[in-house]
Amino acid sequence: MAHLSKNGLSTAAGAAALGFVAGMFVVPARKLAHQGLETVISKNDWFGILKLEHAAVNTLFEQLLATDETQTKKRTALLLAIKQGLTKHALQEEDVVYPALREAGIEADTKELYAEHADIKTYLHELETKPKDDPQWLERVRAFHTLIQHHVRDEEDEIYPRFQSQLSQEQNAALTKRMNVEGFLLA
Ligand SMILES: [Fe+2]
Ligand SMILES: [Fe+2]
């Protein structure tokens with residue numbers, strides 16, 4: 001897998017976060033941001049790409065958690081950016097990476113991952129429909145963020161590194177290519 005410097009990771013993550021926000025208004029800007037990301041990671045590194053997307057969404061959550069009840073428009077915009085980022089990310093995982101995990105016999109883990117993605121969609125629906133100035137709104141964002149952090153830790157610390165090391169360079173390259181094609185549908 002590619003090794004990124006701390007600075008490289010945070011810069012790329014910031015660029016990705018900006019890409020998600022910019023993408024709400026100008027689609028080509030978001031596509032350019034994705035092309036930029038591809039230059040800092042190995043072509044075979046599907047795991048590195050997913051990690052950058054995790055970091056970008058985490059940055060958006062931090063911005064959302066820093067809002068107050070008067071900033072309803074900012075809350076709506078940040079929640080939409082989080083939804084855009086998570087939707088592309090989930091498509092790549094649910095349609096390409098998780099099935100590949102299943103084929104490799106890691107079925108118990110993938111069932112839990114799919115179930116957590118379903119919980120993520122439920123949180124998104126709740127936060128979209130609940131008034132943004134509701135006193136409980138930010139607490140629900142915090143619970144949502146905690147669920148995502150737990151899910152990301154499982155992927156990044158256990159499941160993905162184990163799976164990536166099981167695959168040959170060619171298999172990692174093929175998986176990365178399939179994942180990028182899938183993600184481009186929503187890029
Ligand atoms: Fe996931
Ligand atoms: Fe993920």
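The secondary structure of the chain comes to seven helices and zero strands, where helices (H or I, at least four residues) and strands (E, at least two) are DSSP runs numbered from the N terminus. This is a predicted model, in which local features need pLDDT of at least 70 and side-chain atom pairs count only at pLDDT 80 or more, while totals for chains, interfaces and linings use all residues. Residues are numbered from 1 along each chain as its sequence is written, and chains are lettered from A and ligands numbered from 1 in the order in which they are written.

The mean pLDDT of the chain, the predictor's confidence in each residue from 0 to 100, is 84, and 78% of the residues reach 70 or more. Over residues 1-29, however, the pLDDT is below 50, although this stretch has 52 contacts in the model beyond near neighbours in sequence, a contact being two residues whose C-beta atoms, placed from the backbone, lie within 7 Å.

Helix H5 covers residues 107-129, and its 23 residues should span 33 Å at 1.5 Å a residue, since the expected span is 1.5 Å times one less than the number of residues; the end C-alpha atoms of H5 are 34 Å apart, which agrees.

H5 and H6 pack with their axes 10 Å apart and at an angle of about 155°, where axes are lines fitted to C-alpha atoms, for helices over the stretch in contact, and angles run from 0 to 180 degrees between N-to-C directions. The two helices are therefore roughly antiparallel to each other, the term for angles over 145 degrees. Among the residues making this contact are Ile120 and Leu127 of H5 and Phe144 and Leu147 of H6.

Conventions. Parallel < 35°, antiparallel > 145°, perpendicular 65-115°, else oblique.
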